[in-house]
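Okay, thanks for coming, everyone.

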Amino acid sequence: TECVSGCVCPEGLFDDGRGGCVEEKDCPCIHNNQWYSSGQKITVDCNTCTCQKGVWSCTENVCYGTCMIYGSGHYITFDGKFYDFDGNCEYVAIQDFCGDKNSSGSFSIITENVPCGTTGVTCSKAIKMFLGKTELKLENKEYKEIQRDVGDDVVYWNRTVGLYLVIEASNGVMLIWDKKTTVFIKLSPEYKGKVCGLCGNFDDKTNNDFTTRSGLQEPNALKFGNSWKQSPMCPDVTEEIKPCDMKPHRKSWAEKECSIIQSEVFKICHSKVDPSPFYEACVHDACSCDSGGDCECFCSAVAAYAQECAKAEACVFWRTPDIC
């Protein structure tokens with residue numbers, strides 16, 4: 001055919017996508033719109049991937065799953081579903097006694113939600129962790145242990161890492177608490193598909209996370225959340241609370257403060273973790289925390305996004321003397 005203008009690599013060499021010609025063994029790889037040279041390694045979840053001849057080759061470790069509960073009623077399930085639920089009661093965050101009445105479980109984690117602010121949104125005030133016959137209650141920045149008569153012995157360790165209290169148990173359950181309203185629950189892969197509660201069922205599918213206590217699929221987050229309350233005496237949540245509509249004078253302040261999530265500061269993370277649900281959650285929290293603690297609510301919401309960015313290998317230094 002006729003000649004076509006343009007850059008073509010000589011025989012045996014390959015276009016490296018950056019305007020150069022390289023041998024096949026030196027072909028780069030791409031991840032999240034960034035180029036990596038042959039031989040470079042990146043970490044994805046708990047696996048390491050190496051660039052080899054333009055293709056990623058990854059280890060195949062099975063990773064712990066993480067569920068996050070933060071701020072005023074925001075949940076990200078083990079399978080990555082993001083939803084809001086503002087219930088004022090104790091709820092099952094996650095447990096491994098599901099379905100069968102006789103099934104014996106080894107743990108359950110309960111979150112106690114109470115109103116924060118005057119709009120009716122709720123935050124996690126206390127967490128109860130049942131490990132065999134040990135009950136741990138985390139509240140007011142500390143935890144206490146209560147021994148019960150029934151159940152197995154499950155060994156656990158606790159340590160403090162930065163802001164967080166970490167409790168790790170021998171049965172593959174880990175709880176990380178910021179001593180305020182954020183809690184991360186980590187589970188080893190052996191629990192995949194065997195757990196239930198507000199954190200979903202950890203089977204790598206998002207669409208069936210809203211499984212109620214009776215085992216039914218429920219499209220509505222409020223009905224799903226209500227099914228996991230511990231006491232039938234608590235009222236059901238019937239409507240989603242929109243604090244910015246109730247406190248319109250706070251809305252522009254909330255949007256201005258929370259815009260940091262969508263700003264240049266977090267630019268490196270935007271392609272890895274979608275900022276929009278975190279921004280909306282931040283505005284919701286900043287509007288709702290109107291009886292003190294408003295900065296704390298805002299900071300927890302930004303920290304939640306920063307945490308997800310760190311998990312995706314995008315470290316962001318966002319705290320300054322003026323911000324949080």
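Quick definition before the sheet: two strands pair if DSSP finds at least two bridges between them, and strands are DSSP runs of E, at least two residues, while helices are H or I runs of at least four, all numbered from the N terminus. What we have here is a predicted model, so local features need pLDDT of at least 70 and side-chain atom pairs count only at pLDDT 80 or more, while totals for chains, interfaces and linings use all residues. Residues are numbered from 1 along each chain as its sequence is written, and side-chain values use heavy atoms, with hydrogens and water left out.

So, the sheet: 3 strands, open, running E5-E6-E7 with antiparallel pairing. At the edges sit E5 (41–44) and E7 (55–58), each pairing on one side only.

Zooming out, the domain assignment, which is automatic or from a database, gives domain 1 (14–58), domain 2 (65–227) and domain 3 (243–312). The centres of domains 1 and 2 are 39 Å apart over C-alpha atoms.

Most residues other than glycine have a negative phi. Phe 202, though, has a positive phi near 55 degrees; it's in the loop between strand E19 (183–187) and helix H1 (221–227). Is Phe 202 buried or exposed? Buried, at 2% relative accessibility, where buried means under 20%, exposed over 50% and partly exposed in between, using a 1.4 Å probe and protein chains only.

Glu 313 also has a positive phi, about 70 degrees. Glu 313 lies in the segment after helix H6 (294–311) and is partly exposed at 44%.
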